Amino acid sequence: MVLPRPGSGFRLGLVRSGHGGPEVGKMAWRGWAQRSWGCGQAWTPPVGGRSYEELTAALAPSRLLRRRFNFFIQQKCGFRKAPRKVEPRRSDTSSEAYKRSALIPPVEETAFYPSPYPIRTLVKPLFFTVGFTGCAFGSAAIWQYESLKSRVQSYFDGIKADWLDSIRPQKEGDFRKEVKINMAFVYSSIIAANVFVFCLWRVPSLQRTMIRYFTSNPASKVLCSPMLLSTFSHFSLFHMAANMYVLWSFSSSIVNILGQEQFMAVYLSAGVISNFVSYVCKVATGRYGPSLGASGAIMTVLAAVCTKIPEGRLAIIFLPMFTFTAGNALKAIIAMDTAGMILGWKFFDHAAHLGGALFGIWYITYGHELIWKNREPLVKIWHEMRTNSPKKGGGPK
């Protein structure tokens with residue numbers, strides 16, 4: 001009697017066969033099954049002087065039956081390939097093509113998930129950019145309306161209190177003092193926000209949260225909110241100090257040109273728009289990596305002032321003896337960022353710089369006329385909502 005091989009997984013049993021008796025048929029059937037199923041090693045010893053091929057040809061069912069039989073056995077044995085898991089893509093910091101700048105945080109342990117369809121990655125950021133820009137300018141128009149209304153109300157309240165003293169016109173020095181206070185409040189608030197976020201980077205337990213929400217990267221799972229939050233985020237003290245110095249240098253000029261409400265709308269929108277341009281460049285070139293900093297928004301401020309006052313004289317902070325016109329400085333900055341974007345320089349996010357500069361030029365040239373001067377319908381709607389709202393205490397309208 002022939003015993004089954006250890007580990008073969010088959011039981012003894014008679015197999016009907018007209019070739020060589022039940023034992024030979026059983027052994028041949030076992031060898032054919034082992035060869036077809038793939039559940040064990042092939043059985044090769046000849047039986048009764050007959051070769052393995054002859055026994056297989058004599059005992060095997062028809063070709064059609066064999067295929068069906070093999071199909072069900074393979075399903076039963078369960079030898080199917082497991083689906084291949086998609087591994088998350090790590091940041092390119094370990095490759096030679098990517099050299100981490102000292103201005104961005106280390107992201108060696110951060111996993112990024114680039115989409116298999118890169119163009120679809122830009123759909124949400126595009127809608128977020130358009131929607132946020134519209135909300136920023138709409139909020140700025142309402143803010144200006146409320147500010148003017150408050151001033152007028154204060155003026156008439158003063159007349160009611162003491163009309164003899166208040167009827168005299170306001171001194172010019174008082175108005176300038178109020179404007180300077182507003183300007184200082186605007187850029188002081190921006191600087192304070194940047195300093196606060198910089199301090200958060202120093203907390204070790206917040207590193208993952210900061211990388212996820214305060215660095216913009218089209219390969220990250222969070223795409224929209226970092227476009228705004230990264231505008232106030234700096235990992236390097238030198239990076240933050242340089243950006244805040246440039247903002248402080250040009251803030252008085254840009255606020256005098258645009259006003260504090262319009263300046264805030266332009267600054268916040270510029271941060272989002274420059275990050276969107278950075279997204280487009282990274283998706284187009286496949287050079288994914290995190291970006292952060294207020295450079296894109298500050299480039300908008302710089303470009304707007306240089307476009308409005310091209311003959312103004314500028315100087316480098318460390319080389320004050322060399323001066324140049326604002327127009328020439330803007331041309332040099334655009335040329336450098338264009339070259340950096342094409343050549344793939346990694347020290348700065350040149351695409352964000354270029355996007356911010358182009359937005360500043362466009363807004364001063366065309367955007368102010370197209371956007372800010374057409375805010376009247378929105379202000380009228382807001383005025384009607386305010387005047388037609390019920391009075392305090394539930395009185396009539």
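Two strands pair if DSSP finds at least two bridges between them, and strands themselves (E, at least two residues), like helices (H or I, at least four), are DSSP runs numbered from the N terminus.

## Basis of the model

This is a predicted model, in which local features need pLDDT of at least 70 and side-chain atom pairs count only at pLDDT 80 or more, while totals for chains, interfaces and linings use all residues. Residues are numbered from 1 along each chain as its sequence is written, and side-chain values use heavy atoms, with hydrogens and water left out.

## The β3–β4 hairpin

Strand β3 (residues 313-316) pairs with β4 in the antiparallel sense over four bridges, and a hairpin of two residues joins β3 to β4. Ile316 stands opposite Leu319 in β4.

## Salt bridges

Three salt bridges are counted, each requiring a side-chain nitrogen of Lys or Arg within 4 Å of a carboxyl oxygen of Asp or Glu. In one of them, Arg386 meets Glu146 with the closest N and O atoms 2.3 Å apart; because Arg386 lies in helix α15 (residues 376-387) and Glu146 in helix α5 (residues 123-161), the pair ties together parts that are 240 residues apart in sequence. Arg386 is partly exposed at 34% relative accessibility, where partly exposed lies between buried (under 20% relative accessible area) and exposed (over 50%), with a 1.4 Å probe and protein chains only.

Glu376 and Lys380 form another salt bridge (3.4 Å, N to O), and, being four residues apart in helix α15, they are separated by about one helical turn. Lys373 forms a salt bridge with Glu369, with the closest N and O atoms 3.0 Å apart.
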